[in-house]
Amino acid sequence: MGVEQKLGNMGVVTVKLEELVNWSRTNAMWPMLFGLACCAIEMMSAQSANHDMSRFGMELMRASPRQSDLMIVAGRVTRKMAPVLRRLYDQMPDPKWVIAMGDCASCGGVFNNYAVVQGVDEVVPVDVYVAGCPPRPEALIHGIVTLHEKVRGEKFKDWA
Amino acid sequence: MTQIQEVSLDEIRHLVSERAMTGETMLLNMGPQHPSTHGVLRLLLELDGETVVNCIPDIGFLHTGIEKNMESKTYQKAEVMTDRMDYMNTVGNNFTYCLAVEKLVGLDVPPRAQAIRVILAELTRIQSHLVWLGTAALDVAAMSVFLYCFREREQILDIMELVSGQRMMTTYIRPGGVWRDVPVEFEAAVRDFLKIIPKRIDEYEALLSKNPLFLDRCLGIGVISGEEAINRGLTGATLRASGPDYDLRKFAPYSGYEQYDFDVPTRTEGDVYARYLVRMEEMRQSIRIIEQAMAKLPLGPVRSNNYKFVPPPRSEIGTSMEALIHHFKLWTEGFNPPKGAVYAATESPRGELGCFLESDGGPKPYRVHFRTPSFDNLQVLPRLSQGHFVADLVAIIGSIDIVLGDIDR
């Protein structure tokens with residue numbers, strides 16, 4: 001395994017603190033158990049046996065926003081739901097990330113009307129957009145891997 | 001953006017009992033972000049200790065304006081919106097809408113298309129019940145069933161992808177038939193699925209049906225009598241678990257359901273466990289229907305040849321001027337059905353799914369309305385949950401099998 005090879009027989013590994021923190025953040029990212037519509041079903045598929053999102057340390061969906069650091073907005077966000085969504089986002093502790101899953105959450109999708117918020121980025125800052133209506137579980141997993149790449153490149157000075 | 005409104009106790013006085021005003025009972029908010037409400041349902045609970053005194057559902061968190069949006073699209077293009085209504089029964093929504101359009105313009109559907117529709121609708125029913133079983137079992141703390149159910153569901157989604165190119169939002173059933181004929185691999189894929197699924201359903205039953213923990217959570221919980229269920233407009237498995245055997249596939253057969261031999265499972269207990277048993281049996285009956293439909297899947301065209309309403313095959317467009325004109329007219333203007341209003345209904349996994357279409361003679365529907373089973377089934381929740389514990393409320397919500405996209409549309 002990678003870590004043992006790096007350790008050798010010395011019992012010491014040198015790494016930049018920034019990299020270590022970012023690595024640990026990517027490997028234990030807890031998403032919030034929060035489904036809105038159709039995409040939530042595909043999100044459940046991504047977690048079940050065939051696609052198995054726990055390979056990325058993400059098997060633990062937390063129902064409480066206070067215990068989670070990734071919000072997957074899975075589905076259409078309506079005008080009635082938007083304030084609730086924002087409150088959930090505000091309750092999440094930093095550092096936190098948002099994935100807009102599906103066309104509705106990204107840009108309103110097929111619903112260009114009075115009821116649907118045209119993209120969840122009107123309400124919360126979005127890190128990764130996943131296209132599809134609904135996206136396949138593979139697409140969601142790709143979105144998460146993309147987010148991991150982004151997190152690995154984050155700098156402390158940007159957080160401050 | 002509207003803000004979350006702070007509501008004072010006075011404003012909800014008409015919803016709760018007098019005891020809540022004095023602080024004798026507690027008001028508790030459940031949802032819209034709650035793992036057990038199956039989506040974005042909000043419940044205002046009035047609790048006496050752990051017992052539910054009053055339960056007031058607050059819906060509309062997923063109101064998408066689908067019916068209104070459909071009025072601005074032509075009849076063919078409006079069909080895409082129906083998929084996203086009840087997202088566990090996507091094929092069934094297309095089916096209902098297409099039946100309504102066919103009734104409006106008087107289209108005949110070829111027998112092969114009818115049989116394909118039945119096969120896909122029944123596969124969708126199994127798929128929907130599998131998701132229901134997984135999540136409802138998860139609500140009463142049976143985790144493993146969820147993983148098994150989604151394993152089989154993937155196989156159904158693969159079949160959907162095989163025929164339509166999409167896993168969930170297929171839009172494969174079109175007015176006048178289906179989009180195109182099923183690929184050659186279709187029969188083998190369905191037969192493979194039919195081979196394994198009966199054993200798998202036995203496995204789920206072995207995990208749950210006699211499990212004492214599951215029985216404790218389900219037996220005698222949320223009981224409703226057959227008469228009251230009818231009076232409250234329940235349909236689907238929620239109704240049939242109380243006694244009445246109302247199933248549209250028997251009472252008003254559509255798309256050739258009268259040719260197939262199947263039973264309508266009923267129970268008389270009317271509790272959470274009875275609803276579970278009815279749905280498990282329904283999956284077995286769906287398998288029977290699919291087997292019969294596969295056995296006599298007729299050959300022939302899969303779309304009506306009335307080119308005023310149904311686009312001609314692509315192959316004809318290159319050689320026939322008429323076909324080109326029809327194609328062009330249909331995809332730019334749409335078709336103009338006669339004035340009038342129709343209602344068509346199918347048996348969705350949740351109950352009677354009806355589509356009301358009103359035409360003013362133009363290419364776009366004047367009014368579309370859906371009678372969605374989840375909406376009518378949800379209204380029984382306050383009645384079912386009274387006097388039960390909060391933990392039982394979770395089991396009851398699971399047992400009436402609501403889909404919020406179906407309620408709010």
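Where in chain A is the place of P134(A)? In this predicted model, P134(A) sits in the loop that runs between β3 (128–130) and α6 (137–152) of chain A. The peptide bond that joins C133(A) to P134(A) is cis. Its omega is about -10°.

A cis bond also links D94(A) to P95(A). Here omega is near -10°. P95(A) belongs to the loop between α4 and β2 (97–101) of chain A.

Read from the N terminus, the order of elements in chain A is α-α-α-β-α-β-α-β-α-α. The C-alpha trace of chain A spans about 65 × 40 × 25 Å along its principal axes.

Over all chains, the structure holds 39 salt bridges.

The interface between the chains was examined next. Chain A contributes 39 residues to the contact, and chain B contributes 41 residues. The area buried between chain A and chain B is about 3400 Å². Carbon and sulfur atoms give 63% of that area. On the side of chain A, the residues that lose the most area to chain B are I41(A), R76(A) and K80(A). Together they account for 16% of what that side buries.

Polar and charged pairs also cross the interface. Between chain A and chain B, 15 residue pairs are in polar contact, with both residues at pLDDT 80 or more. Three salt bridges are found across the interface of chain A and chain B. In a salt bridge between the chains, R167(B) pairs with E42(A). The closest N and O atoms of R167(B) and E42(A) are 2.8 Å apart. Two helices of chain A, α3 (38–47) and α4 (82–91), each supply at least two residues of the side that touches chain B. By class, that side of chain A has 25 nonpolar, eight polar and six charged residues.

Helix α4 of chain B covers residues 90–105, and helix α5 of chain B covers residues 111–139. Their axes lie 8 Å apart. The packing angle is about 140°. Angles over 145 degrees would count as roughly antiparallel, and 65 to 115 as roughly perpendicular. α4(B) and α5(B) are therefore oblique to each other. From α4(B), the contact is made by T90(B), V91(B), F95(B), C98(B), L99(B) and E102(B). From α5(B), the partners are R117(B), L120(B), A121(B) and T124(B). The residues of this contact divide into six nonpolar, two polar and two charged.

One backbone feature of chain B remains. T171(B) has phi near 45°. This is a positive value in a residue other than glycine. T171(B) lies in the loop between α6 (143–164) and β4 (173–174) of chain B.

Methods
Residues numbered from 1 in each chain as written. Chains lettered and ligands numbered in written order. Predicted model: local features only at pLDDT ≥ 70, side-chain atom pairs only at ≥ 80, totals over all residues. Heavy atoms only, no water. Contact = heavy atoms within 4.5 Å. Buried area = accessible area lost by both parts, 1.4 Å probe. Salt bridge = Lys/Arg side-chain N within 4 Å of Asp/Glu carboxyl O. Polar contact = N/O pair within 3.5 Å; in protein donor to acceptor, adjacent residues only side chain to side chain. Helix = DSSP H or I, 4+ residues; strand = E, 2+ residues; numbered from the N terminus. Nonpolar A, V, L, I, M, F, W, Y, C, P; charged D, E, K, R; others polar. Axes fitted to C-alpha atoms, helices over the stretch in contact; angles between N-to-C directions. Parallel < 35°, antiparallel > 145°, perpendicular 65-115°, else oblique.
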